[in-house]
Amino acid sequence: MTPISSISSNSSLTELAGQTLHIPDLVPLFATWKQGVSPYYEQVKLFVDERLVSLIKDETVLRKVRKGDLALFTSCLLPDVEYEILEIAALYTVWVFLWDDIVDGSEDPISEGKSIEGEVEKAERLRDASYSFIRFHLLGAGEGEVEPPKPSPACGLFAEMARRLRLMCREETQIMAFCASIEAYMEACVVEARWRVSRVLPSVKEFYEFRLQTSAVEMLLGLSEMLNQVRLPSGAVELDELKKMRTHANKIGIIINELFSLKKELKDTIPLNLVAITMQSHNLDLESATRQIINSFYSHAHDFDRSASTLRSRVTPPVGNDNTKQADRLIGAYQALVTCVLTFSVESPRYGIQCDRQEDQSFRITL
């Protein structure tokens with residue numbers, strides 16, 4: 001870790017406080033992309049609530065977690081799958097949101113309410129214990145191996161998800177890739193924790209080095225492939241176009257989250273947010289930094305479309321066959337994840353910005 005400056009993130013906090021963040025209406029850009037809310041939304045909302053009630057005994061904490069409406073995220077991620085498949089995604093969504101709340105320095109909403117902010121060693125122990133747990137449930141137990149202890153009570157949700165997922169998906173390579181992406185996410189979360197305790201903002205490049213993993217988009221792309229039952233032809237996973245699509249989708253999701261969560265993150269001691277990082281890295285004011293980030297957002301969306309078109313042409317013959325359907329299903333799954341992140345960011349009370357929406361659907365957020 002080589003900080004680009006001795007300026008602490010608190011300096012950027014002082015500069016941002018009281019300013020207005022303007023975000024244009026981003027929805028029209030995705031008019032042709034797959035999007036929607038599952039018709040099972042209310043049903044999965046009850047399912048999520050039942051799991052939360054069984055895990056969280058503190059009513060105040062329960063209300064806070066409920067407010068995030070994780071069922072909405074799940075329902076937008078998979079708008080057209082059968083309900084049983086939606087439950088698998090719901091289990092994963094609740095687990096990863098709760099796991100992330102622990103490792104990013106927030107209070108554990110289930111266990112003892114202990115913050116791990118500034119304690120990288122605790123983050124490392126959580127990572128290591130979680131590695132063992134997810135491997136056991138996703139990859140299967142070795143001879144004589146017993147279930148490792150749960151790193152947190154919410155990991156029971158992961159165990160249930162993994163059991164259901166393995167029954168549904170028999171493609172071992174997909175399961176292994178999914179497991180590897182979870183491990184990469186957990187490792188990157190520790191790197192992010194080190195940046196928080198350093199009290200120094202990374203460069204934009206350094207930010208993306210860990211954020212491309214901690215965004216959880218890479219994990220969700222893999223999960224979405226399996227739950228949408230995508231089966232690309234052999235060798236397609238090595239195509240550059242597929243890798244570019246995943247990167248563009250990831251960066252779009254990151255930018256959405258960074259813009260809409262800035263107000264919430266300013267309440268934290270050390271918010272590692274792309275807006276503040278861009279301001280410092282390029283010596284820009286808030287308006288200029290936001291414009292640069294949004295221009296990047298548009299570029300990634302257009303580049304995703306180009307890569308998707310190229311991928312489709314490379315895996316399908318002129319007359320079309322099942323590969324055509326599989327390519328379209330994959331592209332749609334990736335598109336739905338991006339539009340899910342946008343819908344959830346705008347509609348969920350998680351970020352507290354509903355009152356900042358303007359008549360033209362843009363946002364003017366007082367920081």
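Modeller: An axis here is a line fitted to C-alpha atoms, for helices over the stretch in contact, and angles run from 0 to 180 degrees between N-to-C directions. Keep in mind that this is a predicted model. The chain has 15 helices and two strands.

Start with α2 and α3. Helix α3 covers residues 59-67, and its axis lies 10 Å from that of α2. The two pack at an angle of about 155 degrees. Angles over 145 count as roughly antiparallel. So α2 is roughly antiparallel to α3. The crossing of α2 past α3 is right-handed. On the α2 side, D49, L52 and V53 make the contact. On the α3 side, L62, V65 and R66 meet them.

Now turn to α14 and α15. Their axes come within 9 Å of each other and cross at roughly 160 degrees. These two helices are therefore roughly antiparallel as well. Here too, α14 passes α15 in a right-handed crossing. Which residues of α14 and α15 meet? From α14 come F304, D305, A308, L311, R312 and V315. From α15 come N323, T324, A327, D328, L330, I331, Y334 and Q335.

Two residues on those lists deserve a second look. D328 and R312 meet through their side chains in a salt bridge, at 2.5 Å from N to O. D328 sits in helix α15 (residues 322-347) and R312 in helix α14, so the pair links parts of the chain 16 residues apart. D328 counts as partly exposed because its relative accessibility is 34%. R312 is partly exposed too, with a relative accessible area of 33%.

Elsewhere, salt bridges that share partners join R51, E87, E160 and R164 into one network.

E287 and R291 meet through their side chains at 3.3 Å, N to O. Both residues lie in α14 (residues 286-315), four residues apart, which is about one turn of the helix. E287 is exposed, with a relative accessible area of 57%. R291 is partly exposed, at 42%. Over the whole structure, a search finds 21 salt bridges.

Next come two loop residues. Most residues other than glycine have a negative phi, and most peptide bonds are trans. N283 has a positive phi, near 55 degrees, and is not glycine. N283 lies in the loop between α13 (274-282) and α14. With a relative accessible area of 71%, N283 is exposed. A216 also has a positive phi, near 75 degrees. The place of A216 is the loop between α9 (204-214) and α10 (217-227). A216 counts as buried, because its relative accessibility is 9%.

The largest nonpolar core has 119 residues. Y92, W95, F158, L165, F178, I182 and F260 touch the most other members. Which helix gives the most to this core? Helix α5 (residues 83-103) does, with 14 residues. Take W95 as an example. Leaving aside neighbours within four places in sequence, W95 is in contact with A154, C155, L157, F158, I182 and M186.

For the chain as a whole, 53% of the 367 residues count as buried. Among contacts between residues at least 6 apart in sequence, 77% join residues at least 24 apart.

Notes
Residues are numbered from 1 along each chain as its sequence is written. This is a predicted model: local features need pLDDT of at least 70, side-chain atom pairs count only at pLDDT 80 or more; totals for chains, interfaces and linings use all residues. Side-chain values use heavy atoms; hydrogens and water are left out. A nonpolar core is a set of buried Ala, Val, Leu, Ile, Met, Phe, Trp, Tyr and Cys residues joined through side-chain atoms within 4.5 Å. Buried means under 20% relative accessible area, exposed over 50%, partly exposed in between (1.4 Å probe, protein chains only). Contact means heavy atoms within 4.5 Å. A salt bridge is a side-chain nitrogen of Lys or Arg within 4 Å of a carboxyl oxygen of Asp or Glu. Angles under 35 degrees count as roughly parallel, over 145 as roughly antiparallel, 65 to 115 as roughly perpendicular and the rest as oblique. A crossing is left-handed if the near helix is turned anticlockwise from the far one by less than a right angle, and right-handed if clockwise.
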